[in-house]
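Here is a short briefing on one protein chain. Look over the sequence and the model, then work through the points below.

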Amino acid sequence: MKIKDLEYFQQLIKDQNFSKVAQHFGVSQPTITMAIQRLERDFDTTFFVRDHVHRELRVTTTGRQFANHVDLILNELRVAHLEIARANSTKIRFGLPPIIGNYYFPPLTPRLMRHQLMPALETYEHGSKELLKMLQDGKLDMALLGSLTPLKEARLKAQELARFPFQVVVGTDHPLAKQATVDFAALKDEQFIIPDTEFFHDQAFKQMCRRAHFRPHILYRTADIHVIKAMVSENLGITFLTSLAIEPGDGVKQVQVNGPDLPIFHLSVTMRETEELTPRKQELWDLLTRHTTS
């Protein structure tokens with residue numbers, strides 16, 4: 001089986017047109033046709049059927065099944081090339097989401113400095129969803145990630161470091177600031193200032209709104225948590241944040257939400273199972289996993 005045949009197959013799944021695939025790779029259409037025929041012979045099945053009535057190419061059930069495996073195979077090969085190319089690198093490509101980078105990671109830096117690991121870090125800052133994909137695609141070596149459930153992804157090794165509750169956050173002069181707890185349904189008339197959709201906060205917030213059966217009034221969205229807290233402290237609205245993001249001096253009050261099965265912010269350190277750690281990467285993993293607060 002040729003790797004190029006798999007690449008042709010993957011592109012044909014996307015384009016469902018032999019001419020387009022041939023043009024994409026700069027080869028003749030018979031080259032693509034023969035590659036698909038080789039694969040079909042290998043697996044004794046038909047992956048594509050021409051629908052002459054509608055003049056289109058239809059993917060069979062076995063074709064869709066094979067496509068799932070081809071995507072994994074080609075991605076693993078790309079990751080293998082990246083891992084091997086960086087095997088002797090002294091740098092560590094490290095993912096840090098904004099909230100974790102601003103509020104969880106700083107207390108760890110003195111320890112990392114003492115072990116001379118900070119200069120080795122090439123830090124990439126994105127939301128946890130984007131960093132997870134970068135890790136799976138081999139673009140990162142390791143990452144601290146947030147999730148709403150314990151992180152369990154195929155071909156990834158994850159260790160949970162801490163858990164933080166989500167809470168309603170209001171200004172100190174807001175009427176809710178006098179309460180220790182609140183029913184989320186009681187917030188249906190409030191103005192919300194919330195993080196952008198790249199944050200897991202958005203997913204947790206939507207989950208709470210669905211349970212409370214109301215459509216929230218969203219005043220403003222931003223990726224800057226400092227802006228959110230500043231606006232809340234001025235009583236321009238309220239927000240729904242993990243307790244990790246709240247610090248003394250923010251001028252806000254945290255109010256616990258009543259009810260069972262409330263969302264939890266899980267913080268984990270994650271790497272690919274296939275990666276052979278260099279001594280420096282192993283040292284970083286050991287230092288991070290030793291600093292566990294859960």
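Beyond its neighbours within four places in sequence, Ser 268 is in contact (heavy atoms within 4.5 Å) with Ala 143, Leu 144, Leu 145, Leu 151, Gln 159, Glu 160 and Leu 161. This is a predicted model, where local features need pLDDT of at least 70 and side-chain atom pairs count only at pLDDT 80 or more, while totals for chains, interfaces and linings use all residues. Residues are numbered from 1 along each chain as its sequence is written, and side-chain values use heavy atoms, with hydrogens and water left out.

- Ser 268 lies in strand S12. Strands (E, at least two residues) and helices (H or I, at least four) are DSSP runs, numbered from the N terminus.
- Ser 268 has a relative accessible area of 2%, so it is buried. Buried means under 20% relative accessible area, exposed means over 50%, and partly exposed is in between (1.4 Å probe, protein chains only).
- The C-alpha atoms of Ser 268 and Phe 25 are 40 Å apart. Along the chain, these two residues are separated by 243 residues.
- Thr 270 also sits in S12, which spans residues 264-272. Its relative accessible area is 1%, so Thr 270 is buried.
- Setting aside neighbours within four places in sequence, the contacts of Thr 270 include Ala 143, Leu 145 and Leu 151. Leu 135, Lys 157 and Trp 285 are also among them.

**Helix H1 against H4**

- H1 covers residues 3-15 and H4 covers residues 61-85. They pack at an angle of about 125°, with their axes 10 Å apart. Axes are lines fitted to C-alpha atoms, for helices over the stretch in contact, and angles run from 0 to 180 degrees between N-to-C directions.
- That angle makes H1 oblique to H4. Angles under 35 degrees count as roughly parallel, over 145 as roughly antiparallel, 65 to 115 as roughly perpendicular, and the rest as oblique.
- On the H1 side, the contact is made by Ile 3, Leu 6, Glu 7, Phe 9, Gln 10 and Ile 13. On the H4 side, the residues include Phe 66, Val 70, Asp 71 and Leu 77.
- The residues of this H1 and H4 contact divide into 10 nonpolar, two polar and two charged. Ala, Val, Leu, Ile, Met, Phe, Trp, Tyr, Cys and Pro count as nonpolar, Asp, Glu, Lys and Arg as charged, and the others, Gly among them, as polar.

**Helix H1 against H3**

- The axes of H1 and H3 come within 9 Å and cross at roughly 105°. That makes H1 roughly perpendicular to H3.
- Asp 5, Leu 6, Tyr 8, Phe 9 and Leu 12 in H1 meet residues of H3, including Ile 32, Ala 35 and Leu 39.
- Eight nonpolar, one polar and two charged residues make up the contact of H1 with H3.

**Helix H2: two sides**

- Which residues of H2 (residues 18-25) are buried? They are Phe 18, Val 21 and Ala 22.
- These three cover an arc of only 100° around the axis, so they are on the same side of H2. The arc is that of the directions from the helix axis to the C-beta atoms.
- An α-helix has 3.6 residues a turn, so residues three or four places apart point the same way.
- The face turned away from the buried side of H2 carries the exposed residues Lys 20, Gln 23 and His 24.
- The cover over the buried residues of H2 includes H1, H3 (29-43), strand S1 (48-51) and strand S2 (56-59).
- The axes of H2 and H3 come within 8 Å and cross at roughly 110°. Therefore H2 and H3 are roughly perpendicular to each other.

**Positive phi in two loops**

- Most residues other than glycine have a negative phi.
- Gln 116 is not a glycine, yet it has a positive phi of about 60°. Gln 116 is in the loop between helix H6 (109-114) and strand S4 (121-124). At 61% relative accessibility, Gln 116 is exposed.
- Arg 155 is not a glycine either, and it has a positive phi of about 70°. Arg 155 is in the loop between strand S5 (142-147) and strand S6 (156-171). At 36% relative accessibility, Arg 155 is partly exposed.
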